[in-house]
Amino acid sequence: MLGDELATYHFGEDHPFGPKRYWSFKEEFEKRFEQDGQLDKKISPQSPQRASEKQLTLFHTQEYIKKAIALSEKGEGYLDCGDTPARKEIYDSACFVVGSTLKAIDYIMNHDCCYAFAPIAGLHHATRESAAGFCVFNDCGIAIEYLRKEYNIQRIAYVDIDAHHGDGVFYSFEDDPDLCFVDFHQHGTTLYPGTGFINETGKGKAVGTKLNIPLPPNSTDKMACSLWQNAENFINKFKPEFILLQCGADSLAGDPITQLKLSSEFHAHVTSRLGYLANKHCAGKLLAMGGGGYNLDNIKEAWNDVITELINIKT
Ligand SMILES: [Zn+2]
């Protein structure tokens, strides 16, 4: 998904989640596009569409959506307890982020295209009732509900390699046995949101369908890769009908607000292996969403390396 509307989802020039995140990604994407010369035969860039209020209600409460609309019109205050500012017109920008994720799903489901990438998307902290951690609407959660309602796809694997735990997705589907959840993140005792411990494996009928993999600060690819095989076996056993990947770039070394030291090679490895699993179980249905990342060079590398891997997945 490529579209300047996505750049409008930010919280100000000086905020870590600023407008340059999208432009950095796009600049590197276009550079690789030019260098390759053949990419237009392999990629079909699509422009984002705006999600409707009705689509937001697939996951969010009516009450919260109304609050987001009102605060966004005013452009004052916060959409949560103080992390996510209600910037003027942030509601419209957030609707484009959600719309880009849903359009990518439509594209995968209705075309021969198997794999898709949506930058800026992957806003995994928002809960059903509130914004959280720079995330106004949880497009990941909306995507899960949308796949079920529009396409009757029940068994979904959600894989998250952002440095922060995907708490908005985890707790919303904690008791849902058809949502396989795998999350590599910096240990909750050392980073926001302070959740995602190893003993959080799901509730009720869903016990055993969630795999939280907290990594100590300063963990490198070696540590993450050594734990990946277990995650791959977990997803393989689940036999998903669709795979969602949140590939936040803030788990790379040099991020200003986290302390993991992974490289984009881990992102590439995970993408390639999920491509293999998607081909094996669900005719290649794999959507990657950009997620966090506050070092612009890391965003460029990680997100574009994910795209390169998606292009090179062997069918
Ligand atoms: Zn993050």
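Predicted model: local features only at pLDDT ≥ 70, side-chain atom pairs only at ≥ 80, totals over all residues.

Visitor: In what order do the strands of the open sheet lie?
Guide: Strands pair through backbone hydrogen bonds, either parallel or antiparallel. Here 6 strands form an open sheet, and the pairing is parallel. From one strand to the next, the twist averages 10°. The order is E1-E6-E5-E2-E3-E4.

Visitor: Which are the edge strands?
Guide: An edge strand pairs on one side only. E4, for example, pairs with E3 in the parallel sense over 6 bridges. The edge strands are E1 (115-118) and E4.

Visitor: What is the bridge partner of Phe-181 in E4?
Guide: E3 and E4 are joined by 6 bridges in the parallel sense. For Phe-181, the bridge partner in E4 is Lys-210.

Visitor: What angle does the direction of helix H9 make with that of E5?
Guide: H9 covers residues 264-282 and packs on the sheet. The strands touched by H9 are E1, E2, E3, E5 and E6. Between the directions of H9 and E5, the angle is about 170°.

Visitor: How far apart are the end C-alpha atoms of helix H5?
Guide: H5 has 21 residues, at positions 90-110. At 1.5 Å a residue, H5 should span 30 Å. The model agrees with this, because the end C-alpha atoms of H5 are apart by 30 Å.

Visitor: How many of the 21 residues of H5 are buried?
Guide: A residue counts as buried when its relative accessible area is under 20%. H5 is largely enclosed by the rest of the structure, because the number of its residues that are buried is 18.

Visitor: Is Gln-246 buried or exposed?
Guide: Gln-246 lies in strand E5, which covers residues 242-246. Leaving aside neighbours within four places in sequence, Gln-246 is in contact with residues including Gly-122, Tyr-158, Asp-160 and Met-289. Its relative accessible area is 0%, so Gln-246 is buried.

Visitor: With which side chain does the side chain of Gln-246 make a polar contact?
Guide: His-124 and Cys-140 are among the residues in contact with Gln-246. At 3.4 Å, the side chain of Gln-246 makes a polar contact with the side chain of His-124.

Visitor: How many residues apart are Lys-26 and Glu-30 in helix H1?
Guide: The side chains of Lys-26 and Glu-30 form a salt bridge at 3.8 Å, N to O. Lys-26 is buried at 18%, whereas Glu-30 is partly exposed at 38%. The two are separated by about one helical turn of H1 (residues 20-36), because their spacing in residues is 4.

Visitor: How many residues apart are Lys-203 and Glu-174?
Guide: Their side chains meet in a salt bridge at 3.8 Å, N to O. This pair links distant parts of the chain: Lys-203 sits in the loop between E3 and E4, Glu-174 in the loop between H7 and E3, and their spacing in residues is 29.

Visitor: Is Glu-13 buried or exposed?
Guide: Glu-13 forms a salt bridge with Lys-20 at 3.6 Å, N to O. Lys-20 is partly exposed, at 48%. The relative accessibility of Glu-13 is 54%, so Glu-13 counts as exposed.

Visitor: What is the count of salt bridges?
Guide: Some salt bridges form a network, which links Glu-28, Lys-31, Arg-32, Glu-301 and Asp-305. The count of salt bridges comes to 15.

Technical notes
Residues numbered from 1 in each chain as written. Heavy atoms only, no water. Buried < 20%, exposed > 50% of the residue type's maximum accessible area, 1.4 Å probe, protein only. Polar contact = N/O pair within 3.5 Å; in protein donor to acceptor, adjacent residues only side chain to side chain. Contact = heavy atoms within 4.5 Å. Salt bridge = Lys/Arg side-chain N within 4 Å of Asp/Glu carboxyl O. Pairing = 2+ DSSP bridges. Axes fitted to C-alpha atoms, helices over the stretch in contact; angles between N-to-C directions. Expected span 1.5 Å × (residues − 1).
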